[in-house]
Amino acid sequence: MAHATAAAAAGVSLRGSPRRQRRERIVRLVFQGAALATVVISAFIVWTVLAQAIDFLSRIDLSQLVGIGWFPRRGIFDVATLLIGTLIVTTIAMLLAAPVGLASAIYISEYATPRVRRTVKPILEILAGIPSVVLGFFALTVITPDFVQQLFSQASVFNMAAAGIAVGVLSVPLVASVSEDAMRAVPITLREASYGLGARKITTSLRVVFPAAVSGIVAALILATSRAVGETMVVAVAAGAPQARTWDPLDPGGTMTSAMVLLASGSDQVTGNSAAFQSLFFLGLMLFVITLVLNVLGDAFVRRARQAY
Amino acid sequence: MTTVARSAQAAGASVQDGLSRRRRDVPGTLFLILLLGSLLFSLAILFILLADVLTKASPVFAERGADFLTAPLSSNPSKAGVGQGIIGTAILGVIVALTAFPFGIATATYLEEYARDSRLTRFIQVNIRNLAGVPSVVYGLLGLSVFVALFESLGLGNGRNVLAGGATLAVLVLPIVIITSIEALRAVPNSIREAGYGVGASRWEVTRHLVLPAAAPGVLTGTVLALSRALGETAPLVLAGAVLGSFSADVSKVLTGSYTALPAIVYDWSRKPQDAFRADAAAAIVVLLAITLLANAIAIYLRNRYERTS
């Protein structure tokens, strides 16, 4: 007490010198500015994409959005062609990634010894770290000739099936890691109770752990779907270009993302003011909205899974 | 009495029999095979991919050796090399490291060490999570309409330069840097902070001298992973103008002139009809994978080491 009054009398604040206080304030402001800048980035994304997409819609006749296929340079912007392409590629990808990813997760979480887990998880992460353009090359030069065309001889060199399979391969690690987290979060007591009742390992895994982790598993599938919808380079390399509307996965085709890359890298440079150029932003807007809805939904499930225990 | 004892004995024997007699658990074994098969499928794909790329690339490296690594772009597959791509990818990496890392770590530090749990803080956190899920092509649109336009208006060439590409990639990986840094900061025990405040340190002093050094391995892992992701990205670069251009020979125009990067080269060569370019593409992939997988492996190694010691 005597010291404090002495300090106050001498005009010395316990907070330190004014210089130290100023430094504290500046550091805080800089950090706060960085955090707020992330909001500015989002605002920029929404603003640029939305403004140019609206501009695009006002420039074209709305009937141009329906046609025989996606031919932006001829002024035919049949969005359904790309939505169908996206649906085909994403469905094939998830038909592969969901069972393979979930089975891997069950093995790593319920069966693997700690040593196996320590070896296998990094390998899955390496698979996740392969650039997607490399998987596109793999789909074009291995999956198509050695697998898809062996099964279906009528498949074209560029086809959506091979692209879908490669996107699925890329999505396996995401499904596996998110659902494995969910299964590992299930309390050990539930497993012990199950074994105590005489249940076998398979019964415990499938009828106790799996249902208990279902929120996290649903989240994994939704987030992987969103990732597959947004996957670009695999499709751009392996599926060719979107043309006439088709439901056949063995045909060449394109997704919203691959159409954007092909537009931007097309041999005839798209000029800055044409409607074809601005269709990029319209596609970007659709993609943004679809993935945002999926991500928010997936996040909600992740949070539910966390609250469960 | 004896009947009871006898039936108890019989029951005991039956239970013991049920517990000890080995029965083959057919569905259980099949299930285990199924699980292992799924896991091996992923590993096999990874193995086949690497083996295939190496096989296709080996003639290129055998015939041309280091020439392939230094040669400029060319329309002749037997003369084309990835020299320009390596320079471009290296510059992009430096730009991402210099911008996204400090920015991301500052944001994470603010959210974990400074911010109160207010509505604004929670909004920023949700926003960052959503940014992490935005497809990379959409960042390309941002790069095209913000960074390219900005650098063009500043008079730096036509704006489609390596600075715009680097800025686009930096924004793309920023959410990943922030999220992994937040996790690393959260893992620092509170007792360390309390000890710092206890000896009269200010918030910045505690953060600078105690929390950040303790979180450094985790932060480093996250940033290396983010860098590896950035170097493998193609779509945002293609949208923001990294079509195959060669760097200017004039050093003062390297940053503002045309450019290219390894993944963009892989993309271009994979689409070329000549088979010779397929081999070149495979060789370029080997170089790209060597860079990104090396970064990944370093990050995973760092994390495993860190996890075991803490």
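**Exercise 1. The crossing of two helices**

Determine the handedness of the crossing of α4(B) and α7(B), then describe how the two helices pack.

*Solution.* 
Step 1. In this predicted model, α4(B) and α7(B) cross in a right-handed sense.
Step 2. Now the residue classes. The contact of α4(B) with α7(B) holds 20 nonpolar residues, eight polar and three charged.
Step 3. Helix α4 of chain B spans residues 83–114, and helix α7 of chain B spans residues 162–186.
Step 4. Take the geometry. The axes lie 6 Å apart, and the packing angle is about 40°.

**Exercise 2. One phenylalanine**

Is B:Phe147 buried or exposed? Locate B:Phe147 and list its contacts beyond the neighbours within four places in sequence.

*Solution.* 
Step 1. Find the element. B:Phe147 sits in helix α6 of chain B, residues 136–153.
Step 2. Count the surroundings. B:Phe147 has 23 other C-beta atoms within 10 Å.
Step 3. Apply the cut-off. A residue is buried when 20 or more such atoms lie within 10 Å. B:Phe147 is therefore buried, with its count of 23.
Step 4. List the partners. With neighbours within four places in sequence set aside, B:Phe147 touches B:Ala164, B:Ala167, B:Thr168 and B:Ala240.
Step 5. B:Ile285 is 138 residues from B:Phe147 in sequence, and their C-alpha atoms are 28 Å apart in space.

**Exercise 3. The contact between the chains**

How many residues does each chain bring to the contact?

*Solution.* 
Step 1. Count both sides. Chain A supplies 68 residues and chain B supplies 66.
Step 2. Find the main contributor. On the side of chain B that touches chain A, helix α2 (residues 26–64) of chain B gives the most, 16 residues.
Step 3. Sort that side by class. The side of chain B that touches chain A comprises 43 nonpolar, 17 polar and six charged residues.

**Exercise 4. The build of chain A**

Describe the secondary structure of chain A, then compare its radius of gyration with that of a compact globule.

*Solution.* 
Step 1. Count the elements. Chain A contains 12 helices and two strands.
Step 2. Read their order. The pattern along chain A is α-α-β-β-α-α-α-α-α-α-α-α-α-α.
Step 3. Chain A has a radius of gyration of 26 Å, while a compact globule of 309 residues would have one near 19 Å.
Step 4. Look at the box. Along the principal axes, the C-alpha atoms of chain A fill roughly 90 × 65 × 30 Å.
Step 5. Check burial. Of the 309 residues in chain A, 47% are buried.
Step 6. Check contact range. Among contacts in chain A with a separation of 6 or more, 77% join residues 24 or more positions apart.

Note on methods: Residues are numbered from 1 along each chain as its sequence is written. Chains are lettered from A and ligands numbered from 1 in the order in which they are written. This is a predicted model: local features need pLDDT of at least 70, side-chain atom pairs count only at pLDDT 80 or more; totals for chains, interfaces and linings use all residues. Two residues are in contact if their C-beta atoms, placed from the backbone, lie within 7 Å. Helices (H or I, at least four residues) and strands (E, at least two) are DSSP runs, numbered from the N terminus. Ala, Val, Leu, Ile, Met, Phe, Trp, Tyr, Cys and Pro count as nonpolar, Asp, Glu, Lys and Arg as charged, and the others, Gly among them, as polar. Axes are lines fitted to C-alpha atoms, for helices over the stretch in contact, and angles run from 0 to 180 degrees between N-to-C directions. A crossing is left-handed if the near helix is turned anticlockwise from the far one by less than a right angle, and right-handed if clockwise. A residue is buried if 20 or more other C-beta atoms lie within 10 Å of its own, exposed if 12 or fewer, and partly exposed in between; C-beta atoms are placed from the backbone. The radius of gyration is taken over C-alpha atoms; the globule rule is 2.2 Å times the number of residues to the power 0.38.
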